[in-house]
Amino acid sequence: MFSLTELLSASTHPGYSRPCGFPALLLTAFLFCRIIKTVVKTFKYFFGVRFEVKGLENFEVEGPAIIVSNHQSILDMMGLMEVLPDDCVQVGKKELMYAGTVGLIIYLGGVIFINRKSTTSAKMVMAEVAKTMAADKVKVWVYPEGTRNCTGDLLPFKKGAFHLAVQAQVPVIPVVYSSFTTFYNPKKNLFTSGKIKVEVLPAIETKGLTSGDVSDLTDRCFRTMRETLFRLSGCPSEAKDSS
Ligand SMILES: CCCCCCCCCCCCCCC(=O)SCCNC(=O)CCNC(=O)[C@H](O)C(C)(C)COP(=O)(O)OP(=O)(O)OC[C@H]1O[C@@H](n2cnc3c(N)ncnc32)[C@H](O)[C@@H]1OP(=O)(O)O
Ligand SMILES: CCCCCCCC/C=C\CCCCCCCC(=O)OC[C@@H](O)COP(=O)(O)O
């Protein structure tokens, strides 16, 4: 079994693609992440983005947890840093690791990279995380849509995060960011100042659940988060009914 520290450092895990030789231990990652957080939190002043955050107390669960949130665009990195708990690492696609300086920063920040092109490899990495997150007392942040989606709605959720929560028997904490569509649309070159509402929802327990319950757990989180997304975005009720 690999500890999360090993996963974050020079892992020899067959499904893991972290290159050898980098001293990215967990503590270093947390420290580094604090620096990233402090820097990225200043970006909102340059971009004219304001955050209204509710429910931060819901992060205060005993022990580790899986945090799931909607993923609209690169702006989410500002939203992430606005609420990110100190003892938390994120799951990201492995291509980010090769994004030059940003890739190095993300790598040192402790991101757990998965290969989305190989389900077996991604599942293997997540299974290792499930085994070790309790011992390492970390929260793991996953974007269950698996890709960016700036349509004002949610994409169907992938189940990896929920398998992870059930395997580790840890709660799922949903976090929802209101839609950016009114002030940010890269296709239309629209980026004005705007407010992003963020809500950290109460934890959903998984103690006693088995792999047979993953689909229900996924659906429950999806429905709760979609309802919250529409409410936070002031979306008309017809949009909810169109699903
Ligand atoms: C300069 C300043 C710098 C600032 C720095 C900021 C730092 C922060 C960086 C933050 C990085 C953010 C990165 C964001 C991303 O990269 S999002 C993209 C990557 N993340 C994800 O993809 C996560 C969500 N995806 C999943 O959970 C998927 O399920 C995945 C595990 C990846 C597998 O996907 P895929 O191959 O598409 O397979 P399916 O989802 O279709 O699943 C197939 C079947 O397998 C079952 N399954 C899935 N996972 C597991 C598991 N862990 N254990 C067991 N079984 C699993 C799944 O249920 C399917 O089976 P059924 O159909 O249900 O029978
Ligand atoms: C013009 C707006 C600029 C806003 C800048 C906001 C602050 C940016 C902070 C840090 C920048 C570097 C962070 C890089 C991390 C990128 C995370 C990301 O969004 O990855 C995409 C991935 O999930 C899914 O990929 P696809 O949607 O499948 O491909």
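Predicted model: local features only at pLDDT ≥ 70, side-chain atom pairs only at ≥ 80, totals over all residues.

Which helices and strands each supply at least two residues of the shell around ligand 1? I found helix 4, strand 3 (88-93), helix 5 (100-108), helix 6 (119-136) and helix 7 (160-168); these are DSSP runs numbered from the N terminus, helices being H or I of at least four residues and strands E of at least two.

Residues are numbered from 1 along each chain as its sequence is written, ligands are numbered from 1 in the order in which they are written, and side-chain values use heavy atoms, without hydrogens and water.

Next I checked polar contacts (N or O pairs within 3.5 Å). An oxygen of ligand 1 lies 2.8 Å from a side-chain N or O atom of K159, and an oxygen is 3.1 Å from a polar backbone atom of G160. For Q167, I noted 3.2 Å between a side-chain N or O atom and a nitrogen of ligand 1.

Then I turned to helix 4 (residues 76-83): seven of its eight residues are buried, meaning under 20% relative accessible area with a 1.4 Å probe, protein chains only. Among them are M78, L80 and V83.

Last, I looked at W141 and Y143, both buried. Their ring centres are 6.4 Å apart and their planes at 55 degrees, so I logged the pair as tilted (centres within 6.5 Å; under 30 degrees is stacked, over 60 edge-to-face, the rest tilted).

Terms used. Buried < 20%, exposed > 50% of the residue type's maximum accessible area, 1.4 Å probe, protein only. Phe/Tyr/Trp six-rings, centres within 6.5 Å; stacked < 30°, edge-to-face > 60°. Polar contact = N/O pair within 3.5 Å; in protein donor to acceptor, adjacent residues only side chain to side chain.
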